[in-house]
Structure formats: structure tokens, C-alpha cells
Amino acid sequence: MDAFELDPGEVVAAERQARARALELVGVWHSHPRGEAEPSEADRREVWSGWEQLIVAPHAEHGAALRAWH
């Protein structure tokens with residue numbers, strides 16, 4: 001698999017659950033098992049405006065890399 005897709009129904013449910021707990025959903029995380037910990041072209045196109053992306057690259061040269069993008 002080289003892509004992921006957020007299910008809109010699951011996002012709405014997560015936002016409702018967060019609001020019920022006085023929390024706010026601010027972003028998503030995913031991994032790039034064969035890539036770098038930076039947004040791919042697909043990430044730049046697909047992730048919703050205003051959301052944070054936390055990207056994990058478990059194979060990084062010096063251990064796992066973890067980076068956040070806005």
C-alpha cells in the first residue's frame with residue numbers, strides 16, 4: 001500500500017467524540033515506511049487545510065524519524 005484515505009464518517013465521529021470531552025481534533029498521523037518523515041505529494045494534495053500532520057519514518061538512518069507539518 002502506498003496511500004491512505006481518511007473515512008469522512010470516521011472523522012465526523014471522532015470530532016463529535018472530541019467535542020463531547022471538550023477536546024479538539026487538530027490533525028492526523030501516519031507513517032512512511034519506505035520514505036522520509038516529510039509530506040509526500042499526495043499528502044500535500046489530500047490532507048485537509050488547517051490540520052497538522054505527524055509523519056513517522058521508522059527506517060530513518062539514525063533510528064525512527066518523527067516530524068510534524070502544518
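**Surface patches and overall layout**

A negative surface patch is formed by Glu5, Asp7, Glu10 and Glu46, where Asp and Glu count as negative and Lys and Arg as positive, with His and the chain ends not counted. This is a predicted model, in which local features need pLDDT of at least 70 and side-chain atom pairs count only at pLDDT 80 or more, while totals for chains, interfaces and linings use all residues. Residues are numbered from 1 along each chain as its sequence is written, and side-chain values use heavy atoms, with hydrogens and water left out.

**Patches**

- Patch members have over 30% relative accessible area and no salt bridge, like charges being joined within 9 Å and nonpolar side chains (Val, Leu, Ile, Met, Phe, Trp, Tyr) within 5 Å; a salt bridge is a side-chain nitrogen of Lys or Arg within 4 Å of a carboxyl oxygen of Asp or Glu.
- Glu5, in the segment before α1 (8-20), is exposed at a relative accessible area of 75% (exposed means over 50%, buried under 20%, partly exposed in between, with a 1.4 Å probe and protein chains only).
- Trp29, Leu54 and Leu66 make a nonpolar surface patch of about 350 Å², and Leu66, which is found in strand β3 (residues 65-69), counts as exposed because its relative accessibility is 56%.

**Whole chain**

- The protein chain has two helices and three strands (DSSP runs of H or I with at least four residues, and of E with at least two, numbered from the N terminus), and from the N terminus on its elements run α-β-α-β-β.
- Of the 70 residues in the protein chain, 19% are buried.

Methods: Accessible areas come from the Shrake-Rupley method with a 1.4 Å probe; for residues, only the protein chains shown count as cover. The place of a charge is taken as NZ of Lys, CZ of Arg, CG of Asp or CD of Glu.
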